[in-house]
Amino acid sequence: MTKRIGVMTSGGDCPGLNATIRAIVYKAVGTYGWEVLGIKKGTTGLLRSPLDTIQLTPSLCNTAIMRTGGTFLGSTNKDNPFYFPTENGGVKDRSKDFIKNYHDLGLDALIAIGGDGSMKILKRLCDLGGLNLVTIPKTIDNDVAGTENAIGHLTAVEVATEALDRLQPTAASHQRAMILEVMGRDAGHIALAAGVAGGADVILIPEIRYSLDKVCSRIKTLAMDGSNFALIVVAEGVKKEDGQPLTVTDPKSGRLRYGGIGHYLSEKISLSTGAETRVTVLGHVQRGGEPCAEDRILASKFGVSAVDLIAKGQFNHMVALKGQDIIAVPIQIATASQKLVDSESTMMQIARGLGICFGD
Ligand code: F6P
């Protein structure tokens, strides 16, 4: 019997989402002859009236879309079905509506492409019963547990590395210390990987407590050793030296998000070392643009494998990367913890082996 499956992108966007949708559609239609319904704007598409969906075909999801950034289905990191915004400014639990609308659309299964926040919401929906769910991890932060990489992370690392490549010559020309603030929320994966790839002298990540004295002494030593520049990469989630987070308030939603650590460090380092400092906050540049080749490959592997899981009836699992293999991880495991930088990991040992200062 022909199956009908739904696909949605949920949470913050990242490069590689369209390539994932393409892989799902090619495999589901091409191999199994199923119908694929795209749910628009993440969970919102299954909760707004009328329901917001689109029939996805291989010609609609052709090769051109795999090169594009963003998600052509749209996404949201606000409309949590358990606290869904109401017209009078309150929130309401719409989780049961979500499941009902899934059935009203005649879906046999749903593939949700999401980060750690979305995974937790999806797990709660699964716990209610009545959903055949398969998830695909995506996030530039790479903080989803159970998978070595999530879609979008490697492109963000490329962008941050390119930023360092561009900052180094101008830093050297003016004998400056350049501070690059990258995203990642509470995880330092982007900062660590880009810092290693881009030749950073100092990398500060939320997982490692730093001392400004140690950072500044490293910058002074670099100058004494004849270096005419310093490159410092800092993850947005790094706190002030006293442990206080630096945040900005979203003017619309009133929600807090990280921001400001680059400028905080710039002032402290300049005052303490006498170095001329400049700050680059990379921001959403890391989230947009074309996915790199590795992300397109990962998107293709995850998309095809997610459809195969549905064919096998293996629901409530997330597809995940382990070495060269794609495995299925129970969604409870994927949501049980956040994947942070392990201070004993090979990557950390390599970074320390290169003499990179973490301020500890
Ligand atoms: O989780 C992805 C991410 O880009 C984080 O790195 C960042 O802190 C956050 O989303 C930004 O969210 P928004 O797009 O809502 O500003």
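Me: I know that a polar contact is a pair of N or O atoms within 3.5 Å. How far is the side chain of R287 from an oxygen atom of the ligand?

Reply: An N or O atom in the R287 side chain is 2.9 Å from a ligand oxygen. For H284, a polar side-chain atom also lies 2.9 Å from an oxygen atom of the ligand. For E236, the distance from a side-chain N or O atom to a ligand oxygen is 2.5 Å. Keep in mind that this is a predicted model, where local features need pLDDT of at least 70, side-chain atom pairs need 80 or more, and totals for chains, interfaces and linings use all residues. Residues are numbered from 1 along each chain as its sequence is written, and side-chain values use heavy atoms, without hydrogens or water.

Me: How much of the ligand does the protein bury?

Reply: Alone, the ligand exposes 400 Å² (Shrake-Rupley method, 1.4 Å probe), and the protein buries 82% of that.

Me: Which residues surround the ligand?

Reply: Counting residues with a heavy atom within 4 Å, the shell holds N77, I140, D141, M183, G184, R185, E236, R257, H284 and R287. By class, 5 are charged, 3 polar and 2 nonpolar, with Gly counted as polar.

Me: Where does the ligand lie relative to the domains?

Reply: Automatic or database assignment sets the bounds: domain 1 is 4-151 + 291-334 and domain 2 is 156-287. Both give residues to the shell, so the ligand lies between them. Their C-alpha centres are 33 Å apart, while 11 residues of domain 1 contact 11 of domain 2 (heavy atoms within 4.5 Å).

Note on methods: A polar contact is a pair of N or O atoms within 3.5 Å; within protein, one must be able to donate a hydrogen and the other to accept it, and residues adjacent in sequence count only if both atoms are side-chain atoms.
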